[in-house]
Amino acid sequence: MCDLNLESFTEIAQLSEFKALKLPVIGGKDCESVSRTPKHEETFQIGQKISVKALHTPCHTQDSICWLMEDGDEKVVFTGDTLFIGGCGRFFEGTPAEMHTALNKTLAGLPDDTKVYPGHEYTKQNVKFLVTVLQTEPVKKLQSFAENNEQTQGKFTIGDEK
């Protein structure tokens, strides 16, 4: 068993040790070394217990995929550069309509208790902007949490983001 902590999936795909194992690289069609791109809402298994569903969320890039994983009652979504805690990704290749669908239909359609794991920790920067335009209790709660914690991944849910 190998444990890696790398900056991107591209780095994993480039590692010769992994290439030698001939493991499939599952990701967006334009990702380097990808061997399979699942269809939108296609599900596959990791081991016996973890179900993974591909959620196509084009906008940041056209091949962007968020990954919903379920293990029993626990649900998490890895949102890459589509959804951050208190914000969203830049529109590098997409349109406002695509981001609207990605955020307000695809991801907002997940169960409220789904924990969110964004691709980057931008919460502190997002909160600095949020407090200039919105002074609601959820924003104040997020601001307090961000000020007192280095990491927010997995601490907030789809319901919190709504």
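Is phenylalanine 78 buried, partly exposed or exposed, and what is its relative accessibility? Before I answer, please note that this is a predicted model, in which local features need pLDDT of at least 70, side-chain atom pairs count only at pLDDT 80 or more, and totals for chains, interfaces and linings use all residues. Residues are numbered from 1 along each chain as its sequence is written, and side-chain values use heavy atoms, with hydrogens and water left out.

Phenylalanine 78, then, has a relative accessibility of 33% and so counts as partly exposed, a class that lies between buried, under 20% relative accessible area, and exposed, over 50%, with a 1.4 Å probe and protein chains only. The structure holds four aromatic pairs, meaning rings of Phe, Tyr and Trp (its six-membered ring) whose centres lie within 6.5 Å, with planes under 30 degrees apart called stacked, over 60 edge-to-face and the rest tilted. Phenylalanine 78 and tyrosine 117 are a stacked pair, because their ring centres are 5.3 Å apart and their planes stand at 25 degrees. This pair links distant parts of the chain, since phenylalanine 78 belongs to strand S4 (residues 74-80) and tyrosine 117 to strand S7 (residues 115-118), 39 residues apart; strands here are DSSP runs of E with at least two residues, helices are runs of H or I with at least four, and both are numbered from the N terminus. Tyrosine 117 is partly exposed as well, at 27%.

Finally, leucine 134 sits in the loop between helix H4 (123-133) and helix H5 (137-148), and its 40% relative accessibility makes leucine 134 partly exposed.
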